[in-house]
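Trainee: I would like to learn how to read sheets, helices and contacts in a model. Could you take me through one?

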Amino acid sequence: MRETPNFAGWRATILHREDATTERLTRQLKLFGFHVLVQWTPLAADHLPDLILVDADQGWTGLLPWTDERAPRPLVALLGSEAPGRVAWAMDQGASAIIAKPLASSAVYPALVMALAIHRERQAIVEKIAHLEERVRMRPLVHAAVQKISHARKLDEEQAYRILRNCAMQRRLSMEQVAASIIGGAEPLPEAG
Amino acid sequence: MGFLVFGRSMRDAVKIGILYSTTGPYGTMGRDCRDGAELAIDEIAARHPGRIEPVFVDPHANIDQYLEGARTLLRDQGCRHIVGTITSLARKEVIPLVEKHDGLLWYMCPYEGFEANDNVIYTGGCPNQHLLPLLDYLLPRFGRRPYLVGANYVWGWEMNRLARELIEEAGGSVLGERYLPLEETAVERIVAEIEQRRPSFILNNLVGPSSYALHAAIRALGERDPAFRPENCPVVSCDLQECELIDIGLGVATGQLCAAAYFDTVSSAENAAFKAEVSARFGASRRISSVFASAYAAVKLCAEAIIDAGTDDPAVVSRLLCAAPRSTVLGPLRIDAETRHAALPFHLGRINDEGGFDIIASEPAIVADPYLTGRRTRKPPQLRIVS
């Protein structure tokens, strides 16, 4: 079960011309506990707020201080238009939820909860992919280390692999790290068994 | 000339829509709401003749008829204010129409929170006004291992979800969680599971006949096994009404607990006067439920605010309403301009043999926090135990 989201004390910036929409949105965000700032100028890259809502009808490239869809903060698009170009702009900025304009107050909270959850999920996926890529990059080292153990200890590859894995587990290191040490000679060859 | 005066007074009368189902699974509550609303309307008519004209619509617990009824009120009858709906299902159905016509819905039942709509005034209470103080009372006294039951829609789901979160935060665990459709009365499997798992208490978010069936079955269980008597393992509700105790059967639910912002037994000057008025009209044996009192209060608030404002423009009426507390049968009622929720007292009632609730704990008016933003920084409870 996901816990009840609580935005108390969070900072939100609304990038939108001040109008009735920003007024309603501000009221609603304050109810959720946000400190709210409304501006219609590019967002500075330093001191990013905790959550950003952007007018995707009028937004332009450069309004947000990042260049790809990897938004460093949860981003919600405010969208009245149905034009595919505007939807694409919102996605290119990394929006993880849309709130339709004209604004229904009941649409705000669910969109924020979802934007936050998807943002966190995306970040977790990015981290996981980076981790897996690193492991794939190191895979030849594991293979080489297995060969080396297998040769030196006169074992088949499967047994050599098991030795390497046990060694990594005992030292609480990844197999790639242990393999790198063995190949580099920084590590004595682990004993069998 | 007589015609002209009549014509003008009719033109001046502001129509208020009153939308309650008096039949179906929550018909008992609906009939009490309607009685409360009628009483308020008659009082207003006596004091301000010709100013307010009610338009009653009964959707008979049919969700499509709620929509149709609200449309008739807003579009055909020209109502800008609707007092009513009981379930969250019906409220959610009606709100988009109220928004479209820029009207105001006066919702006066306890609900599961997470809403604060500009076109709604909430006077029935959200979880920080009922569920949270209720758990504050129950956990130290009965234990942290409850069993949760609920009606199979958003009220039951969300109340139990929140309860589970609060219980687990308190280091407790939920021993079971089951749902029943609104009109389902087959509670045997649930009760068998309760008997087997032996919870600390039973949080009951069932509505109507399923809730009555649960109370009857737990009564029978308690007779077989004292561990399930109310003093050991109470059935605790947030929306059980005096009028429903008759449906359950007098004496059947004696000792079980319920949280509410109002009980017939509240001792206050406002309530004493109100009870005298209700007795005069409905007979001395009539017990006033919280939905009766809340519907009465909501209709009066609405009508009086319209009369004071000199217009039924919802924005003007809301502004006036939120400007200062208004005296109601629930006590002086302050409505927050931001959340549009009323601050409400908390009472915990224990069902007695006479079809009423003995109040065993109370807390003065609690400001509504519909999105529970203050939950993690909440002050320790200051329950006043009265017996």
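Mentor: Gladly. In chain B, 5 strands build an open sheet in the order E2-E1-E3-E4-E5, with parallel pairing. Helices (H or I, at least four residues) and strands (E, at least two) are DSSP runs, numbered from the N terminus, and two strands pair if DSSP finds at least two bridges between them. This is a predicted model, where local features need pLDDT of at least 70, side-chain atom pairs count only at pLDDT 80 or more, and totals for chains, interfaces and linings use all residues. Residues are numbered from 1 along each chain as its sequence is written, while chains are lettered from A and ligands numbered from 1 in the order in which they are written.

Trainee: Which are the edge strands of chain B?

Mentor: Strand E2 (52–57) and strand E5 (120–122) of chain B, each of which pairs on one side only. From one strand to the next, the twist averages 25°. Such angles run from 0 to 180 degrees between N-to-C directions, with axes as lines fitted to C-alpha atoms, for helices over the stretch in contact.

Trainee: How many bridges join strand E1 and strand E3 of chain B?

Mentor: Strand E1 (residues 14–19) and strand E3 (residues 81–84) of chain B pair in the parallel sense over 4 bridges. There, B:Gly17 stands opposite B:Ile82 in E3(B).

Trainee: Which strands of chain B does helix H11 touch?

Mentor: Helix H11 (residues 290–309) of chain B packs on the sheet and touches E1, E2, E3 and E4 of chain B, its direction making about 165° with that of E3(B). Contact between two residues requires C-beta atoms, placed from the backbone, within 7 Å. Helix H4 (residues 88–100) of chain B lies across E3, strand E4 (104–107) and E5 of chain B, at about 155° to E4(B).

Trainee: In what order do the strands of the chain A sheet run?

Mentor: The order in chain A is E2-E1-E3-E4-E5, an open sheet of 5 strands with parallel pairing. Its edge strands are strand E2 (35–39) and strand E5 (97–100) of chain A.

Trainee: How many residues does each chain bring to the contact?

Mentor: Chain A brings 14 residues and chain B 18 residues. Helix H1 (residues 20–31) of chain A gives the most to the side of chain A that touches chain B, with 3 residues.
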